[in-house]
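Work through the exercises below with the structure in view. Try each task before reading its solution.

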Amino acid sequence: MRRTLAILFLLIYHVASFAQATHPVTGREIAPVMGMGGAGWLVRSEREAEEAPDRALDAIGLKRGDAVADIGAGVGYFTWRMAERVGPEGKIYANDIQPRMLDQLKKNIAARGLANVVPVLGTEDDPKLPAGALDLALLVDVYHEFSQPQKMLARIRASLRPTGRLVLLEYRKEDPAVPILLQHKMTVQEVRAEIEPEGFRFESSLETLPRQHILIFRPYAQNDHPNRN
């Protein structure tokens, strides 16, 4: 089973270069980005049991009228769930760096009759989100793939309202029984070590999902960051 999963990941992830970069703070190897070949894996039937997406969103606590960014949205697996929860008075910015992913996302959203989703084509260092507009930025199994995480975090922070939240879902590296390649998993300690220096305050880690951490951060006010010189 694990060998099969490892082969599957090698097939559906494309690698930009032979030598992956490492994060300057933790030394963590930055994972390759999932290509369009993995689109079917994103909507596999087993994902409901493996990741419990609705339970995750219940724990995160979206409200009607919220403005949310689904960063690394892929084909919209979490996007359409959040769009239904925030209602027509809310808005979901569905961000991805791959046009073909967004093309499929648009089809999936249209098939569900949702009109409150804005597809956003970002870049590796800029998600292209509106400044100061978001109640929540959600990153599901995607932060570990950021090739320029510090630049991305700076721009995500700029997109959040002062009361906004940054929430990451990441597979538990602490648990060897989670059948995901090591570079696609993170520990709570790794996430905090990378996120907190970029202007975020750690709020909590929720451990209610079968395989993933839910890690919640808040942006510091400009003058309140403890590392500010």
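**Exercise 1.** Is Tyr-77 buried or exposed?

*Solution.* Start with the cut-offs: buried means under 20% relative accessible area, exposed over 50%, and partly exposed in between (1.4 Å probe, protein chains only). Tyr-77 has 6% relative accessibility, so Tyr-77 counts as buried. Phe-78, at 3%, is buried too.

A note on the source: this is a predicted model, where local features need pLDDT of at least 70, side-chain atom pairs count only at pLDDT 80 or more, and totals for chains, interfaces and linings use all residues. Residues are numbered from 1 along each chain as its sequence is written, and side-chain values use heavy atoms, with hydrogens and water left out.

**Exercise 2.** Which charged end sits over the ring of Tyr-77?

*Solution.* Apply the test: NZ of Lys or CZ of Arg must be within 6 Å of the ring centre and within 35 degrees of the ring normal. The charged end of Arg-81 sits over Tyr-77, 4.1 Å from the ring centre. Arg-112 lies over the face of Trp-80, 3.6 Å from the ring centre.

**Exercise 3.** Which residues of α6 are buried, and why do they line one face of the helix?

*Solution.* Helices (H or I, at least four residues) and strands (E, at least two) are DSSP runs, numbered from the N terminus. In α6, the buried residues are Met-101, Leu-102, Leu-105, Asn-108 and Ile-109. Seen down the axis, they fall within an arc of 120° (directions from the axis to the C-beta atoms), so they line one face. The face turned away carries the exposed residues Arg-100, Lys-107, Ala-110 and Ala-111.

**Exercise 4.** Where is Ala-52?

*Solution.* Ala-52 is in the loop between α3 (47-51) and α4 (53-60). Its phi is near 50°, a positive value in a residue other than glycine. Most residues other than glycine have a negative phi. Ala-52 is buried, with a relative accessible area of 9%.
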